[in-house]
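This report describes the fold of each chain and the contact between the chains. The structure is shown first, and the description follows.

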Amino acid sequence: MKKIILLVMLAFSAFLSQAQNATLKAGDTAPDFKLKNVDGKEVSFNSFPKAKGYIVVFTCNTCPYAVGYEQRIIDLDNKFRPQGYPVIAINPNDPEASTADTFDKMQELAKNKKYPFPYLFDAGQKVTDQYGAKRTPHLFIVSKTPKGNVVEYVGAIDNDPEGNNAQKTKYAEDVIAALKSNQKPAITQTKEIGCTVKRKAKA
Amino acid sequence: MMKIQKFSILAFLFVAFSFSAYSQNVKLLSIDQLNERVKNGKDSTYVVNFWATWCAPCIKELPHFEKLQADYKSDKVKVLLVSVDFKSKLSSAVVPFVKRKNLKNEVFLLNESSPQEYIDRIDPSWSGSIPATLFIKGDKRKFVESEFTYEQLLTEYKKL
């Protein structure tokens, strides 16, 4: 009997650890967080009291795809923060596993590129795991509703990582356009190639 | 005048030949072609690694895949290295990389344009991050979205 209980517990903990890392989907509650910004202050959803929603993007200093999308992330913030949808960037990489993603290096990059949005350090990768962010860049669009903060879209910024297609589909912009007209976005999930989230090697 | 013409013809032929020789090293491959390759291939196990020339952890683990192929050739294992670099980088980045690293495995460049479609066709659990590796043995498919040490790769391979 003891063995069975142990097995059930093991199975359950395996299930839990998997569930922890599952990527959030549209309709899920977007967990709030309190993370240190490059300016030293802590940022959470409440840092933007007038926001109608948030563009949460897991991105980093190093990934060529993230670098390729950097300007487009800045543009998203410049365009949509005044409309109530600010960008909140979170670096999901472990700074020991990716030494160019330390807090100091994040401060440096944010300063050099004049990031208009917060760029947060996720100590222990806790928020990364709560959202189930798997790659950089990985975008989550969240809306503020009477029922709380709800995930509306998960995936890519657009379908043009190379940045040379004038006919690109701008997923993120389309989602916010739909939300602004009180509609549900037509596309709520996309996939794109990206860099894996860097973690310490498992013992 | 004749001389210049001859020279330019020679030069053209040289460039054309060396280009075709290069592009034979890295073939374009669609998902359909990959499935065909696995279905009709003579090997019993396929280890398909998705990588890119811009992906540091991918480059770090490529030697492990070279070693696996070299050490376990008699097992009828076939390693296929499928790059997800942009198609525009075939001759400027992928081919020179393969040459510089002297890769012995078969190298391909993924010839697909819609990640929405092809990522799920490789495996629905794939978020799209690389490195990622698909193991195929008969009807069994195992997909792993993470970086390997040689020991980890060998363990996954032997578990099949």
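In which sense do β6(B) and β7(B) pair, and over how many bridges? In this predicted model, the two strands run antiparallel to each other and are joined by five bridges. Within β7(B), B:Lys140 is the residue that stands opposite B:Lys137.

**The sheet of chain B**

The pair β6(B) and β7(B) belongs to an open sheet of six strands, with the order β1-β4-β3-β2-β6-β7 in chain B and mixed pairing. At its edges stand β1 (26-29) and β7 (140-144) of chain B; each has a single partner strand, so one side of each is left without a neighbour in the sheet. On average, and with direction ignored, neighbouring strands of this sheet are turned by 25° against each other. Strands of a sheet pair through backbone hydrogen bonds, in either a parallel or an antiparallel arrangement.

Helix α4 (residues 90-100) of chain B lies across β1, β3 (77-83) and β4 (106-110) of that chain. The helix runs at about 125° to β1(B).

Another helix of chain B, α5 (115-122), has the buried residues B:Pro115, B:Tyr118, B:Ile119 and B:Ile122. Seen down the axis of α5(B), these buried residues fall within an arc of 100°, so they line one face of the helix. An α-helix has 3.6 residues a turn, so residues three or four places apart point the same way. The buried residues of α5(B) pack against α2 (31-40) and β6 (132-137) of chain B.

**The fold of chain A**

Chain A contains five helices and nine strands, which follow one another along the sequence in the pattern α-β-β-β-α-β-α-β-α-β-β-β-α-β. Of its 203 residues, 39% count as buried. Among contacts in chain A between residues at least 6 apart in sequence, 74% join residues at least 24 apart.

How many residues of strand β3 (residues 53-58) of chain A are buried? Six of its six residues are buried, so the strand is largely enclosed by the rest of the structure. From β3(A), A:Gly53, A:Ile55 and A:Val57 point one way, while A:Tyr54, A:Val56 and A:Phe58 point the other way. In a regular strand the side chains alternate between the two faces of the sheet.

| Partner of β3(A) | Sense | Bridges |
|---|---|---|
| β7(A), residues 138-145 | antiparallel | six bridges |
| β4(A), residues 87-91 | parallel | four bridges |

Residue A:Gln107 lies in helix α3 (residues 103-112) of chain A. Is A:Gln107 buried or partly exposed? A:Gln107 is partly exposed, with 16 other C-beta atoms within 10 Å; a buried residue would have 20 or more. The C-alpha atoms of A:Gln107 and A:Phe58 are separated by 16 Å, and these residues are 49 positions apart along the chain.

**The contact between the chains**

In the contact between the chains, 17 residues of chain B meet twelve residues of chain A. On the side of chain B that touches chain A, the elements giving two or more residues are α5 (115-122) and β5 (129-130) of chain B. The most is given by α5(B), with four residues. The residues on this side of chain B divide into nine nonpolar, six polar and two charged.

Strand pairing also joins the two chains: strand β9 (residues 194-196) of chain A and β5(B) run parallel and are joined by two bridges. The bridge partner of A:Gly194 in β5(B) is B:Ser129, and A:Cys195 stands opposite B:Ile130.

Which strands make up the sheet that contains β9(A) and β5(B)? Three strands form this open sheet in the order β6(A)-β9(A)-β5(B), with mixed pairing. Its edge strands are β6 (135-136) of chain A and β5 of chain B, each of which pairs on one side only.

Note on methods: Residues numbered from 1 in each chain as written. Chains lettered and ligands numbered in written order. Predicted model: local features only at pLDDT ≥ 70, side-chain atom pairs only at ≥ 80, totals over all residues. Contact = placed C-beta atoms within 7 Å. Nonpolar A, V, L, I, M, F, W, Y, C, P; charged D, E, K, R; others polar. Pairing = 2+ DSSP bridges. Buried ≥ 20, exposed ≤ 12 C-beta atoms within 10 Å, placed from the backbone. Arc of directions from axis to C-beta. Axes fitted to C-alpha atoms, helices over the stretch in contact; angles between N-to-C directions.
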